[in-house]
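Trainee: Could you walk me through how helices pack in a structure like this one?
Mentor: Gladly; let's look at it together.

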Amino acid sequence: MDVGQRSIWEQQRVDLSNVDIIAQGLDLDERVARILVQRGILTLQEAQRFLCPAIDHLHDPLLLPDAEIAIDRLLVAVERRERIAIHGDYDVDGVTATVLIRRVLDLIGADVFHYIPHRLTDGYGLQTSGIDRLHEEGATVVVTVDCGVRSLAAAKRARELNIDLIVTDHHEPGDVLPNALGVINPKRKDSNYPCRDLSGAGIAFKVAQGICIKLGHPVWVPGLIKIAAIGTMADVVSLQGENRAIAKLGLDALTAGRHTSGLKALLEVSKLDGKRVTSEDVGFRLAPRLNAAGRLSSAELAAQVLVSTESSSMQTCTALARELDDLNTQRRELEREGTKSVYESLDGSERPCYVVWSTEWHLSLIHI
């Protein structure tokens, strides 16, 4: 159609035989089947997987590049009682990814701790200073989540300190990968993993899933997938293929319970406990509360809520969740005040571009 002229909508043509097969095979209304075909879902199996994701639809974690190397090294570290550090990130994707690796290593008795950089004082991503800090705390194995694929200097520093570095990251790699023991990223040029668009939490979940499979604990996977779902939906990755399965199965698990004390407290403060949890609830209730910690305080607060287990005091977890809720309220108010000051600074004239500034805006909220 020509811009500025009357719009002409043309119905996308589809193979009606595919529509009939899907409609009849799944007992669907023909219009629903047509929409699926228009979205590129052409077979009965693809439609079944799209509409009804199941645990057995998840891909083999060992298909990820370097996954087996990394998992085997972690299991050796657990057996030898080596100290394992998880280097996280301060957004929801990074926090949930941190918690996923931490949770599964805790379950198998690892000597493990985590470190999440502070947004305003430590900067973004894996830094040489972060490696030095983890080395000082006795780590011989460091696992990054949601960061590290471009941190060449930090990887070099880890080598100098005889630290085995395992990078798990979903960001686009550079021309050169870090010199690490393993770099788990489905976007690597040599990767044949079926789902390229996993979030940081999604990749951490696959590592955790791989550990569960290797040790014969598949029953742990449903409890992990709901944390992965929060990170996946909060990071707004494409909800197709395995991401869709993680999101759907995770939402089902968030709705059904049973939850750890920390997650239960977070659901309660978000007014979701006992209710059907939707993707909208994750995007507008759970994720903002978890994100508020990394913006106005420390993301460690969000991690502590999610890493709390059944044995944790419900009273303590409720206090932590309420602190997240208070921070989110502060975040909304600061955003409102900042937006109001922007409009008040404009002179009312129409210009092609405005540049506004203030020393009073909170640094972590400017881009919002």
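Mentor: Let's begin with handedness: helix α4 and helix α8 make a right-handed crossing. A crossing is right-handed if the near helix is turned clockwise from the far one by less than a right angle, and left-handed if anticlockwise. Helices here are DSSP runs of H or I with at least four residues, numbered from the N terminus. The model is predicted, so to speak of local features takes pLDDT of at least 70 and side-chain atom pairs count only at pLDDT 80 or more, while totals for chains, interfaces and linings use all residues. Residues are numbered from 1 along each chain as its sequence is written, and side-chain values use heavy atoms, with hydrogens and water left out.

Trainee: At what angle do α4 and α8 cross?

Mentor: Axes are lines fitted to C-alpha atoms over the stretch in contact, and angles run from 0 to 180 degrees between N-to-C directions. For α4 (residues 67-80) and α8 (residues 200-215), the angle is roughly 65°, and the axes come within 10 Å.

Trainee: Which residues of α4 and α8 meet?

Mentor: Contact means heavy atoms within 4.5 Å. E68, I71, D72, L74 and L75 of α4 meet V207, G210, I211, K214 and L215 of α8. This contact has six nonpolar, one polar and three charged residues. Here Ala, Val, Leu, Ile, Met, Phe, Trp, Tyr, Cys and Pro count as nonpolar, Asp, Glu, Lys and Arg as charged, and the others, Gly among them, as polar.

Trainee: How do α1 and α3 lie to each other?

Mentor: Angles under 35 degrees count as roughly parallel, over 145 as roughly antiparallel, 65 to 115 as roughly perpendicular and the rest as oblique. Helix α1 (residues 16-26) and helix α3 (residues 44-51) cross at roughly 55°, their axes coming within 9 Å, and are therefore oblique. Their crossing is right-handed. I21, I22, G25 and L26 in α1 touch L44, A47, Q48 and L51 in α3, a contact with six nonpolar, two polar and no charged residues.

Trainee: What about α11 and α14?

Mentor: Helix α11 (residues 261-269) packs on helix α14 (residues 314-345) at about 45°, with axes 8 Å apart. This pair is therefore oblique, and its crossing is right-handed. The residues of this contact divide into seven nonpolar, three polar and four charged.

Trainee: Where does R244 lie?

Mentor: A charge sits over a ring if NZ of Lys or CZ of Arg is within 6 Å of the ring centre and within 35 degrees of the ring normal. R244 lies over the face of F50, 3.8 Å from the ring centre.

Technical notes. Helix = DSSP H or I, 4+ residues; strand = E, 2+ residues; numbered from the N terminus.
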